[in-house]
Amino acid sequence: MNQTSMQPLILSKSVEDLDICEDIKIFVKKHHIPTLSKLLELKGYELLNIEGFSYRMLQSLLAFLYQHDCLHLFKEE
């Protein structure tokens with residue numbers, strides 16, 4: 001299997017097990033979003049329209065994705 005087709009491990013791990021902003025962990029637990037890949041199915045504007053998700057949390061999420069070379073997986077629109 002080549003490296004480009006492999007899904008980064010952080011996408012399939014429980015969000016609660018990731019080294020990510022505590023507010024995001026609380027948000028995903030409340031909204032029953034188990035993994036980062038499930039969270040990334042939502043577009044940026046959709047996340048911001050969900051009660052309890054703030055612009056600051058979006059910035060934290062983007063920074064986390066950037067650190068793990070996964071920023072390209074985030075969909076704005």
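This short talk walks through one predicted chain, from its overall build to a few single residues.

Two ground rules before we start. The model is predicted, so local features need pLDDT of at least 70 and side-chain atom pairs count only at pLDDT 80 or more, while totals for chains, interfaces and linings use all residues. Residues are numbered from 1 along each chain as its sequence is written, and side-chain values use heavy atoms, with hydrogens and water left out.

Let's take the whole chain. It has 5 helices and 0 strands. From the N terminus on, the order reads α-α-α-α-α. Helices here are DSSP runs of H or I with at least four residues, strands are E runs with at least two, and numbering goes from the N terminus.

How compact is the chain? Its radius of gyration is 12 Å, close to the 11 Å from the globule rule for 77 residues, so it is as compact as a globular protein of that length. That radius is taken over C-alpha atoms, and the rule is 2.2 Å times the number of residues to the power 0.38. The C-alpha atoms fill a box of roughly 40 × 25 × 20 Å along the principal axes.

Now, burial. Buried residues make up 32% of the 77. Buried means under 20% relative accessible area, exposed means over 50%, and partly exposed is in between, with a 1.4 Å probe and protein chains only.

Next, contacts, meaning heavy atoms within 4.5 Å. Take contacts between residues at least 6 apart in sequence: 51% of them join residues at least 24 apart.

On to the core. A nonpolar core is a set of buried Ala, Val, Leu, Ile, Met, Phe, Trp, Tyr and Cys residues joined through side-chain atoms within 4.5 Å. The largest one here has 22 residues, and Ile-24, Phe-27, Leu-36, Leu-39 and Leu-61 touch the most other members. Helix 1 (9-12), helix 2 (22-30), helix 3 (36-39) and helix 5 (55-67) each supply at least two residues of this core. Helix 5 gives the largest share, 5 residues.

Look at Leu-36. Which residues does Leu-36 contact, leaving aside neighbours within four places in sequence? The list is Ile-10, Leu-11, Lys-13, Val-15, Leu-18, Leu-61, Phe-64 and Leu-65.

Now to helix 4, residues 44-49, where we find Tyr-45. Tyr-45 is partly exposed, at 45% relative accessible area. Beyond its neighbours within four places in sequence, Tyr-45 contacts Glu-76 and Glu-77. Tyr-45 and Glu-76 are 31 residues apart along the chain, with their C-alpha atoms separated by 6.7 Å.

Leu-48 is in helix 4 too. Leu-48 counts as partly exposed, at 35% relative accessibility.

Last, backbone angles. Most residues other than glycine have a negative phi. His-32 has a positive one, near 55 degrees. His-32 lies in the loop between helix 2 and helix 3. Is His-32 buried or exposed? Exposed, at 71% relative accessibility.

Asp-69 also has a positive phi, about 55 degrees, and is not a glycine. Asp-69 is in the segment after helix 5. Asp-69 is exposed, with a relative accessible area of 65%.
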